[in-house]
Amino acid sequence: MMEVVDLVCVRGERRLFQDLSFSQAVGELLYVHGPNGSGKTTLLRTLCGLMLPEAGEIRWRGENIRRLGEDYHREMAYVGHLNGVKDELTAFENLRVMAQLAGADDCDERAVAALQRLELSACAELPGKVLSQGQKRRVALARLLVAPRTLWIMDEPFNALDVKAVATIQDILIEHLDNGGMAILTTHQEVEITADRARHIRLGA
Amino acid sequence: MLTALWWVVVRDLTLAMRRRADVLTTLFFFVIVVSLFPLGVGPEMNTLRLMGPGVVWVAALLASMLSLGRLFSADYIDGSLEQMILTPRPLAVLVLGKVLSHWLVSGVPLVLMAPLLGVQYGLSAQALGVLVVSLLLGTPVLSLVGAVGAALTLGLRGGGVLVSLLVLPLYIPVLIFGAGSVEASVTGLGAQAHLSLLGAILVPALVFTPWATGWALRISME
């Protein structure tokens, strides 16, 4: 489904990694490992299409993601370092707007269900600014559930989450992979997802 | 496409409603700048009548520029801008929605306030009418063109100063035809030619600047 061919990423003057190639099929989970500053976030942002690679190609279903543009976005969701949760909107409003822009059906119902799944129902009507760091992170992750997407790209998804929420996200990830999804994520925490499906790449080694 | 436009406008207007102080500062800035001139120049009616349209227009330009910082920077800082770029919607449409709500929040109040302030300059009812129409045609251009500058300077240090250097020269044609339309109507030449030219600036700005802004946003994201 996804192929990365001879990818080279440069940040400023520094070459972060070169000739990175891998491919990923449905149901697979890819862990990106590496020390701070090894280019994990840059790699994920490049895979999203937010950054241009210096050289190399990223293909989705055999087509360059640059050429696919919005068609690629229709199959991909990204949870970055920044939560993208507006302080002035409630948790529910935050999710509803993103669901509408993502082109989902039944946005209100899906937003309510996603909040419930991540145990945020009690804070659905609270504005973002009174939510704790972990709750904001969960709102950001709830975005993955409001619109069906094949590929999830997650940058440190378990940051600021408590043990129970980490377990919930693990369950959600496993379900996603079982339903023919795929995921790419970075994490410093030791969160194991059924090892036979997980593959690892190391940057800056 | 229209649903995307609608939801961006709803979102940004809700945000503006919940952060009213930002909106009101722009409006008060406009009111105070326009009101300072009669105090400084003195109550000579003919002088005031002559400079009235120009003062109102320059104040509108500065007020609109002052509010540009709000257009993308908050969304850029909290990460919702990158999420919007990654939605399967044409970026130009999302940008148009943001610019439209920016204009509704910072441009329309100026248009509504202008006739009241124009009275201080002894402008006739007809001149006030032309002033309102010219602002109605001109302020959307200010928001549209300003959005390109705001997107280009996103995330830069000292972006606020840079955006004024980038954008103010581009505002000049709008200023000339906007203020010119009121003067033309006062001198009896008729404002139609100037207003048509303002409209002729608005249409291409409406078509092309959302694309340019979208490109600039993508570059700023890297």
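So, helix H1 of chain A, residues 40-48: it lies across E1, E2 and E4 of chain A, at about 125 degrees to E1(A). That angle is between N-to-C directions on a scale from 0 to 180 degrees, with axes as lines fitted to C-alpha atoms, for helices over the stretch in contact. Contact here says that C-beta atoms, placed from the backbone, lie within 7 Å. Helices (H or I, at least four residues) and strands (E, at least two) are DSSP runs, numbered from the N terminus.

Quick caveat: this is a predicted model, where local features need pLDDT of at least 70 and side-chain atom pairs count only at 80 or more, while totals for chains, interfaces and linings use all residues. Residues are numbered from 1 along each chain as written, and chains are lettered from A and ligands numbered from 1 in the order written.

Now the sheet under discussion. In chain A, 4 strands make an open, antiparallel sheet, ordered E2-E1-E4-E5. Its edge strands are E2 (14-24) and E5 (63-64), each pairing on one side only. Pairing takes at least two DSSP bridges. E1 (residues 2-11) and E4 (residues 55-60) of chain A have 5 bridges, antiparallel, and Val4(A) sits opposite Ile58(A) in E4(A).

Over to chain B: 9 helices, 0 strands. Its C-alpha trace spans about 55 × 30 × 30 Å along the principal axes. Of its 222 residues, 47% are buried, as in 20 or more other C-beta atoms within 10 Å of a residue's own, all placed from the backbone. And among chain B contacts between residues at least 6 apart in sequence, 80% join residues at least 24 apart.

Technical notes:
Contact = placed C-beta atoms within 7 Å. Buried ≥ 20, exposed ≤ 12 C-beta atoms within 10 Å, placed from the backbone.
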